[in-house]
Every structure is written in structure tokens, then in C-alpha cells.
Amino acid sequence: MTTNFTLDRNKQIAQFLNLILADTYILYVKTQNFHWNIVDPRFYALHQFLEKQYEELAEAIDELAERIRILGERAPGTLKQFLDMTSYKESNGDENSDDMLQQLFEDHEAMCRHLRERIERSNELGDHGTTDLLTKRLSVHEKSAWMLRSHLSN
């Protein structure tokens with residue numbers, strides 16, 4: 001039998017996972033957009049680099065949505081839902097390559113901050129499965145931010 005505490009806890013955790021899922025989805029779309037549209041003397045290297053990043057984000061989207069379902073809640077799945085929930089801004093479509101990389105860097109840094117807060121909260125609530133998932137996601141976003149930062153000219 002599931003206690004009210006567990007149901008309340010799961011609902012609370014699913015709510016913040018929904019926000020991480022929305023941000024991850026928007027970051028995925030933005031990364032894929034930049035992968036397609038980047039123009040730079042380093043085109044091939046950046047094209048490949050961004051492809052690896054958006055492929056990794058696609059896997060993360062599935063893991064996050066499945067975790068929400070494991071907690072007994074419905075995962076958001078429409079673009080409207082993601083756009084309504086995200087803390088990220090969409091690309092305006094006229095960025096140069098350095099602007100693209102800077103935006104992605106800033107988004108990954110923001111994700112790291114959000115993940116650290118949610119890791120602490122899920123740990124406080126005793127949800128070790130979510131804590132583990134978010135800790136793994138934090139590691140990936142920290143590495144992505146580092147790699148993006150290394151491509152920036154300043």
C-alpha cells in the first residue's frame with residue numbers, strides 16, 4: 001500500500017522533473033538547430049560535436065520522462081507544454097557560431113544550477129533513484145559546458 005507521504009513526495013519530485021524535462025527538450029531542439037545551421041571555418045568539427053550533444057540529450061529526454069512515469073505521474077509530451085514550462089529562451093535564428101556556442105554554454109550552466117538544487121531536494125525527500133539520475137545528468141551537463149567553453153573565443 002502506498003502512503004500519502006509517498007504519493008505527495010512522488011508528485012513533488014515529478015513536478016520538478018517536468019521542468020528539467022522541458023528544459024532538456026528545448027536544449028535538445030536548440031542544439032539540433034545549431035548543428036544544422038552553424039556556419040564557421042570549424043564547421044565539420046562543430047557539426048559533429050553538436051550532433052553528439054543532441055543525441056545524448058535525446059536519450060536523456062527518454063530517461064527523464066520514464067522516471068516521471070515510474071513516480072506515477074504523466075510526463076509532458078507536447079511542444080506547447082515544454083515551451084510553457086521551460087526556463088530557456090529559444091534561438092532567434094540569426095546567431096553567429098560564437099553566439100550559438102555561448103547560448104548553449106549558458107544553457108548547460110543553468111541546467112547544472114537547476115540540477116544541483118533538485119539533487120539536494122530529491123535527496124532530502126529520500127528518492128535515491130531520482131538523485132542518482134540527476135547526478136548522472138549533472139555530470140553530463142558539466143562536461144558539455146566545459147567542452148562548449150573551450151570552443152569560445154573569449
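**A buried arginine without a salt bridge: R9.** R9 is buried yet forms no salt bridge. The nearest side chain of opposite charge belongs to D127, 4.6 Å away. A salt bridge here is a side-chain nitrogen of Lys or Arg within 4 Å of a carboxyl oxygen of Asp or Glu. Buried means under 20% relative accessible area, exposed over 50%, and partly exposed in between (1.4 Å probe, protein chains only). For charge, Lys and Arg count as positive and Asp and Glu as negative, while His and the chain ends are not counted. R9 sits in helix α1, residues 4-37. Helices (H or I, at least four residues) are DSSP runs, numbered from the N terminus. Beyond residues up to four places away in sequence, R9 touches L125, G126 and D127. A contact means heavy atoms within 4.5 Å.

This is a predicted model: local features need pLDDT of at least 70, side-chain atom pairs count only at pLDDT 80 or more, and totals for chains, interfaces and linings use all residues. Residues are numbered from 1 along each chain as its sequence is written, and side-chain values use heavy atoms, with hydrogens and water left out.

At 1% relative accessibility, L21 counts as buried. Which residues surround L21, leaving aside its neighbours within four places in sequence? The contacts are I61, L64, A65, I68, A75, P76 and F82. H151 is elsewhere: its C-alpha lies 26 Å from that of L21, and 130 residues separate the two in sequence.

**A salt-bridge network: D40, R42 and D98.** Salt bridges link D40, R42 and D98 in a network. The structure holds 10 salt bridges. Between D40 and R42, the closest N and O atoms are 2.8 Å apart. D40 is buried, with a relative accessible area of 15%. R42 is partly exposed at 32%. Side chains of opposite charge can pair when their charged atoms come close.

**Helix α4 to helix α5: R116 and E142.** The side chains of R116 and E142 meet in a salt bridge of 2.9 Å, N to O. R116 lies in helix α4 (residues 97-124) and E142 in helix α5, so the pair ties together parts that are 26 residues apart in sequence. R116 is partly exposed, at 41% relative accessibility. E142 is partly exposed as well, at 34%. Residues up to four places away in sequence aside, E142 touches C112 and R116. The C-alpha atoms of E142 and M111 are 8.9 Å apart, across 31 residues of sequence.

**A pair within one helix: R121 and E124.** R121 and E124 form a salt bridge, with their closest N and O atoms 3.0 Å apart. The two residues are 3 apart in helix α4, so about one helical turn separates them. R121 is partly exposed, at 30% relative accessibility. E124 is exposed, at 52%.

T131 lies in helix α5, residues 128-151. Is T131 buried or exposed? T131 is buried, with a relative accessible area of 12%. Leaving aside neighbours within four places in sequence, T131 contacts I119, S122 and N123. R118 is 13 residues from T131 in sequence and 8.0 Å away in space, C-alpha to C-alpha.

F49 lies in helix α2. F49 counts as buried at 11% relative accessibility. Its contacts, neighbours within four places in sequence aside, are M147, L148 and H151. Along the chain, F49 and L148 are 99 residues apart, yet their C-alpha atoms are separated by 9.3 Å.

**A negative surface patch: E55, E59, D62, E63 and E66.** Together, E55, E59, D62, E63 and E66 form a negative surface patch. Patches are made of residues with over 30% relative accessible area and no salt bridge; like charges are joined within 9 Å, and nonpolar side chains (Val, Leu, Ile, Met, Phe, Trp, Tyr) within 5 Å. The place of a charge is taken as NZ of Lys, CZ of Arg, CG of Asp or CD of Glu. Accessible areas come from the Shrake-Rupley method with a 1.4 Å probe; for residues, only the protein chains shown count as cover. One of the patch residues, E59, lies in helix α2, residues 43-70. E59 is exposed, with a relative accessible area of 55%.
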